[in-house]
Amino acid sequence: MTHVPDINSPEEQTRYERGLAVLAAVDGGSAPAVMENLADIAPALAHHVVAFGFGDIYARPGLDPKQRQLVTLGILTALGGCEPQLEVHVRTSLNVGLTTTEIVEALTHAAGYCGFPKALNAIFVAKKVFAERGLLPVG
């Protein structure tokens, strides 16, 4: 029989609360809406995104939030097809102090490793976020 963690256990709730604190510090407020949208279909997935993604992984020592976001931007760009998540992370990157120039440079750098189509898609996501925040033109 497969063990399924009880997301309501004290241990899981501790991880979740730690994740919420980290998320609140970097996200800028959009994550709760994403988690709420999962509540009626995949509450366990919402829990694990917060508990594992932010409570366990993002809270680790060794990289600061800017460095973590640069890694995240590169990975989401390379994966492709993750534009909604990339949009969230471009916003988060700005929230943690990356500049528009640093974000554009990271996405441009990714082109050498994952190709121009994926890098272009990522740049257009960044452009949308920058436009929403009145940050265009860059440079």
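**Aromatic pairing, fold and surface of a predicted model**

One aromatic pair is counted in the structure, where rings of Phe, Tyr and Trp (its six-membered ring) pair if their centres lie within 6.5 Å, and planes under 30 degrees apart count as stacked, over 60 as edge-to-face and the rest as tilted. The model is predicted, and local features need pLDDT of at least 70, side-chain atom pairs count only at pLDDT 80 or more, and totals for chains, interfaces and linings use all residues. Residues are numbered from 1 along each chain as its sequence is written, and side-chain values use heavy atoms, with hydrogens and water left out.

The protein has seven helices and zero strands, where helices (H or I, at least four residues) and strands (E, at least two) are DSSP runs, numbered from the N terminus. Along the sequence the pattern is α-α-α-α-α-α-α. The C-alpha trace spans about 50 × 30 × 30 Å along its principal axes. Of the 139 residues, 35% count as buried; buried means under 20% relative accessible area, exposed over 50%, and partly exposed in between (1.4 Å probe, protein chains only). Among contacts (heavy atoms within 4.5 Å) between residues at least 6 apart in sequence, 69% join residues at least 24 apart.

The protein exposes about 8200 Å², of which carbon and sulfur atoms supply 63%. Accessible areas come from the Shrake-Rupley method with a 1.4 Å probe, and for residues only the protein chains shown count as cover. A nonpolar patch on the surface is formed by Leu-63, Val-71, Ile-75 and Leu-79, with about 350 Å² of accessible area together. Val-71 lies in helix α4, residues 65-79, and is partly exposed because its relative accessible area is 43%.

Lys-118, in helix α7, is partly exposed, with a relative accessible area of 31%. Leaving aside neighbours within four places in sequence, Lys-118 is in contact with Thr-77, Ala-78, Leu-79 and Gly-80. The C-alpha atoms of Lys-118 and Leu-107, 11 residues apart along the chain, are separated by 9.0 Å.

Most peptide bonds are trans. The bond from Leu-136 to Pro-137 is cis, with omega near -5°; Pro-137 lies in the segment after α7 (116-132).

How values were computed. Patch = residues over 30% accessible without salt bridge, like charges linked within 9 Å, V, L, I, M, F, W, Y side chains within 5 Å. Salt bridge = Lys/Arg side-chain N within 4 Å of Asp/Glu carboxyl O.
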